[in-house]
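Here is a friendly briefing to read alongside the model. Have the sequence and the 3D view open, and follow the topics below in order.

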There are 2 protein chains.
Amino acid sequence: MSLILKKFVYFPVISLCFCSCTQDKSKNKNMNQDNISKTIIAMEKTALEELNRGNPSGYLKIYAKDITYFDPFKEKRFDGLKKVQIFYNSLQGSVYVEHYEMIDPVVQVSDEIAILSYNLVSHIGNEVFREKCTEVYRQESDKQWKIIHSHWSLVQPANGKE
Amino acid sequence: MSLILKKFVYFPVISLCFCSCTQDKSKNKNMNQDNISKTIIAMEKTALEELNRGNPSGYLKIYAKDITYFDPFKEKRFDGLKKVQIFYNSLQGSVYVEHYEMIDPVVQVSDEIAILSYNLVSHIGNEVFREKCTEVYRQESDKQWKIIHSHWSLVQPANGKE
């Protein structure tokens, strides 16, 4: 095979390999992100369903020691798991949500951080309670995901609905 | 020097070196985190001060293309820079804040992600407007920090103040 011919044969083969590798990496990354999204949403639903039965321990188990937490009814942030624990324990048994809808959950993944945001509709008797939620999860050294920041807010009744 | 004596001399020396290296690494990490915190808070203040003069472009410049955004007056999240741009441009010139206080800003750093949270008090004429804010910054490949998630909420007037 002449040198020029070799170039014409090898170049497309190398390019094809390169493209295929890049596509594979991108496919793996997307698959990985999909898996992380599913894991995070499943973790959130498990904790939420426990809370809806009046038990905050589902969330307390997945809060990191250095969590920062904005509650919808409090102005000031709670800094650190201990402060959140004291606050959550004071709520024990006071919440009972018959059913809920997690609306439009999105998980943005960046290495060891996954940011989950969604709308939450909770049905308590005849009342409907609408919230917005942000949870920042971090993958710890033992590969478990923990929440390091949480922001819950109420949808404003006057002009909040679109 | 006997073998045993050597061990007694070398062990503390090696331990000291190891401790010193670990302390140095930890010190560097803390210094790096301090620098990131300062950078993030300064970026946020610059964008906020422009917004307070009625100009949202300070924020639009530092929003990533894949930003997700919860506005305090809207129920639904805006997904992607284009949707946020349209919404923000509709507000152009409608905000004028005489002065503001950024209260208790905290930056949690994890590799390429920095999560800023704070309370904001804005003074508009005789009105005082209280908010909570979460901004998730990501360091892009060009080393610039961009906001990939934003959650603003209003402090509830009835029982929000502590």
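In this predicted model, A:Ser90 counts as exposed because 9 other C-beta atoms lie within 10 Å of its own, and the cut-off for exposed is 12 or fewer. B:Phe70 is a buried residue, since it has 23 other C-beta atoms within 10 Å, where 20 or more are needed.

- A:Ser90 belongs to helix H3 of chain A, which covers residues 81-91.
- Between A:Ser90 and A:Lys61 there are 16 Å in space, C-alpha to C-alpha, and the two are 29 residues apart in sequence.
- B:Phe70 sits in strand S1 of chain B, residues 63-70.
- Which residues is B:Phe70 in contact with, once its neighbours within four places in sequence are left aside? From chain A they are A:Ser117, A:Lys132 and A:Thr134, and from chain B they are B:Arg77, B:Ser150, B:His151 and B:Trp152.
- B:Phe70 and B:Val121 lie 18 Å apart in space, C-alpha to C-alpha, with a sequence separation of 51 residues.

**Strand pairing in chain A**

- S3(A) and S4(A) run antiparallel and are joined by 10 bridges.
- Within this pairing, A:Ile103 has A:Asn119 of S4(A) opposite it.
- The hairpin of S3(A) and S4(A) leaves two residues between the strands, and A:Asp111 adopts a positive phi near 55° there.
- S4(A) is also joined to S5(A), by 12 bridges, and these strands run antiparallel.
- Opposite A:Ala114 stands A:Tyr137 in S5(A).
- A second hairpin, formed by S4(A) and S5(A), again has two residues between its strands. In its turn, A:Gly125 has a positive phi of about 60°.

**The nonpolar core**

- The largest nonpolar core holds 44 residues, and the members that touch the most others are A:Ala114, A:Val136, B:Ala114 and B:Val136.
- Strand S4 of chain A, residues 113-124, is the element that gives the most to this core, with five residues.
- Beyond its neighbours within four places in sequence, B:Ala114 makes contact with B:Ile36, B:Ile40, B:Val107, B:Val109, B:Tyr137 and B:Trp145.

**How the two chains meet**

- How many residues of chain A are in contact with chain B? There are 35, and they meet 35 residues of chain B.
- On the side of chain A that touches chain B, at least two residues come from each of strand S1 (63-70), strand S3 (99-110), S4, strand S5 (127-139) and strand S6 (145-154).
- Sorted by class, that side of chain A has 14 charged, 12 polar and nine nonpolar residues.

**Confidence scores**

- The average pLDDT of chain A is 86, and 80% of the residues score at least 70.
- For the model, ipTM is 0.83 and pTM is 0.83.

Technical notes:
Residues numbered from 1 in each chain as written. Chains lettered and ligands numbered in written order. Predicted model: local features only at pLDDT ≥ 70, side-chain atom pairs only at ≥ 80, totals over all residues. Core = buried A, V, L, I, M, F, W, Y, C linked by C-beta atoms within 7 Å. Helix = DSSP H or I, 4+ residues; strand = E, 2+ residues; numbered from the N terminus. Contact = placed C-beta atoms within 7 Å. Nonpolar A, V, L, I, M, F, W, Y, C, P; charged D, E, K, R; others polar. Pairing = 2+ DSSP bridges. pLDDT = per-residue confidence, 0-100.
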